[in-house]
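Hi,

Here is the structure I said I'd pass on.

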Amino acid sequence: MRPARSTVLCAFLSASIPVVFAANTHNIVIDGDFSDWATVPSHYDPVGGPGVLHNGIPDTHDTDHSGPNDVPVYVHHPDIDLIEYKFTHDTSNLYAYFRATGVIGNTISNSTQHGRYYVIVTIDVDNNTNTGYGLHEGGYYPTSYGYDMNMEFEFFNGGPNKGNYLNHGATNQAQLDAAFQDQTNGIVRLLPGSYYFYPEWVWFDSPTTGTNRLPFPDDFASITFVKDKGPRYQGIVRIALSPDGHQAEMVAPFRGFMRNPSGSPIVALRKTMKISMSLEASGELAPDGTWASDTADPIENYYLNPYPEPGLQISKVSPNGNVTLSWVTGAIGMQLQRSWSLTSPDWQPVSGSTETNQIIFAASETNAFFRLAE
Ligand SMILES: [Ca+2]
Ligand SMILES: [Ca+2]
Ligand SMILES: [Ca+2]
């Protein structure tokens with residue numbers, strides 16, 4: 001046997017929709033050690049300061065505006081100055097990473113002052129701008145649309161307070177009442193929303209910790225509806241900071257986003273979402289004493305790929321003339337595909353490849369190209 005001199009390896013993922021960013025799963029632990037984020041792609045936001053604009057908006061700004069075309073006023077508040085952010089998932093959780101100029105979660109606590117700080121991920125869970133709300137309504141700029149649900153963490157009065165889910169699917173009090181009733185039963189309807197009408201809840205993986213036990217199949221869990229500045233709760237949305245406070249990592253399990261009226265999970269693998277991330281704080285620690293926030297550019301068309309980076313590899317030809325293609329065990333289920341050409345590719349599945357992470361071929365003189373696809 002002669003070696004396959006020009007066997008070429010083509011190791012990229014193909015998604016069903018070309019514009020979608022097929023995000024791989026990552027293993028993240030919420031522990032204040034950020035080495036687990038090293039291979040998650042970074043996004044950046046300007047370092048705030050006088051005159052620093054982000055899409056025409058002062059990077060760190062007041063929260064007193066709500067019109068879609070308003071330009072809020074610059075506020076110097078390094079603690080909420082977001083400068084880097086990341087987003088990832090595994091097979092059952094969403095994870096967000098924040099890095100700020102100042103100290104994330106920094107709030108004042110004394111006899112008269114009880115500061116507030118919010119780490120916010122707001123998500124267009126159905127990738128549809130006709131449902132949910134526009135960020136400007138909450139004073140967040142640059143604005144964008146379609147945000148149905150939040151995963152967020154509140155710091156209050158000098159310490160962590162609660163991690164909760166939140167739904168923007170109501171535009172009046174009657175719809176808000178209906179949303180509360182749905183969520184008592186573990187249901188979220190994705191409807192046009194407003195910033196001003198939102199239920200927020202903490203989810204507990206216990207039937208009795210929360211005030212409302214959920215019906216089957218979520219009857220292992222319960223929720224408590226919460227309000228800002230309310231009592232301290234430890235649910236399943238968790239956060240950890242770096243020792244210097246400049247970085248935060250946060251988890252929100254899929255299940256806390258609840259189910260649609262048909263019983264399907266709102267957040268699940270193979271869905272596509274848009275994600276916006278903000279930091280916001282009250283003004284006690286800002287030099288001019290006013291609330292401020294900083295909102296990143298959204299991460300658009302985030303596809304919840306079920307698999308990790310597959311790491312497709314090809315071996316040297318063995319003495320008996322075989323080459324081995326292999327990929328990580330976590331990517332078992334992906335399909336190996338082969339094409340004899342890249343100029344007019346005709347990708348054909350390799351039989352049996354979705355049940356394994358290793359395929360052995362006899363080397364030949366013919367070029368072959370391989371890829372792994374979902
Ligand atoms: Ca970690
Ligand atoms: Ca910034
Ligand atoms: Ca939406």
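Below is what I found in it, going from the whole chain down to single residues.

First, the ground rules. This is a predicted model, so local features need pLDDT of at least 70 and side-chain atom pairs count only at pLDDT 80 or more, while totals for chains, interfaces and linings use all residues. Residues are numbered from 1 along each chain as its sequence is written, and chains are lettered from A and ligands numbered from 1 in the order in which they are written.

**The overall picture**

The C-alpha atoms fill a box of roughly 85 × 50 × 40 Å along the principal axes. The protein has one helix and 24 strands; helices (H or I, at least four residues) and strands (E, at least two) are DSSP runs, numbered from the N terminus. Of its 374 residues, 41% count as buried. Buried means that 20 or more other C-beta atoms lie within 10 Å of the residue's own, exposed means 12 or fewer, and partly exposed is in between, with C-beta atoms placed from the backbone.

The domain assignment gives domain 1 (8-14 + 310-373) and domain 2 (31-306); such bounds come from an automatic or database assignment. Taken over C-alpha atoms, the centres of domain 1 and domain 2 are 41 Å apart.

**Cores**

The largest nonpolar core has 68 residues, and Ala-96, Phe-98, Val-119, Met-250 and Met-277 touch the most other members. A core here is a set of buried Ala, Val, Leu, Ile, Met, Phe, Trp, Tyr and Cys residues joined through C-beta atoms within 7 Å. Another core lies apart from it, with nine residues, among them Tyr-307, Ala-331, Leu-336 and Leu-372.

What does Met-277 touch, leaving aside neighbours within four places in sequence? Its contacts (C-beta atoms, placed from the backbone, within 7 Å) are Leu-82, Tyr-85, Ala-96, Phe-98, Ile-120, Val-121 and Ala-296.

**Strands**

Have a look at β11 (residues 200-204), where five of five residues are buried. In a regular strand the side chains alternate between the two faces of the sheet. In β11, Glu-200, Val-202 and Phe-204 point one way and Trp-201 and Trp-203 the other. Two strands pair if DSSP finds at least two bridges between them. Strand β10 (residues 159-167) runs antiparallel to β11 and is joined to it by two bridges, with Leu-166 opposite Glu-200. Four bridges link β11 to β13 (residues 222-225), also antiparallel, and here Trp-201 stands opposite Phe-225.

Elsewhere, β19, β20 and β23 form an open antiparallel sheet in that order. The edge strands, each pairing on one side only, are β19 (313-314) and β23 (358-362). Five bridges join β20 (residues 322-326) to β23, and Thr-324 stands opposite Ile-360.

Helix α1 (residues 173-184) has twelve residues, so at 1.5 Å a residue it should span 16 Å, and its end C-alpha atoms are 17 Å apart, which agrees. The expected span is 1.5 Å times one less than the number of residues. Just after α1, Gly-186 takes a positive phi of about 75°.

Asp-228 lies in the loop between β13 and β14 (238-241). Why does Asp-228 count as partly exposed? Because it has 13 C-beta neighbours inside 10 Å. Not counting residues up to four places away in sequence, Asp-228 touches Arg-116 and Glu-154.

Cheers

Technical notes:
Contact = placed C-beta atoms within 7 Å.
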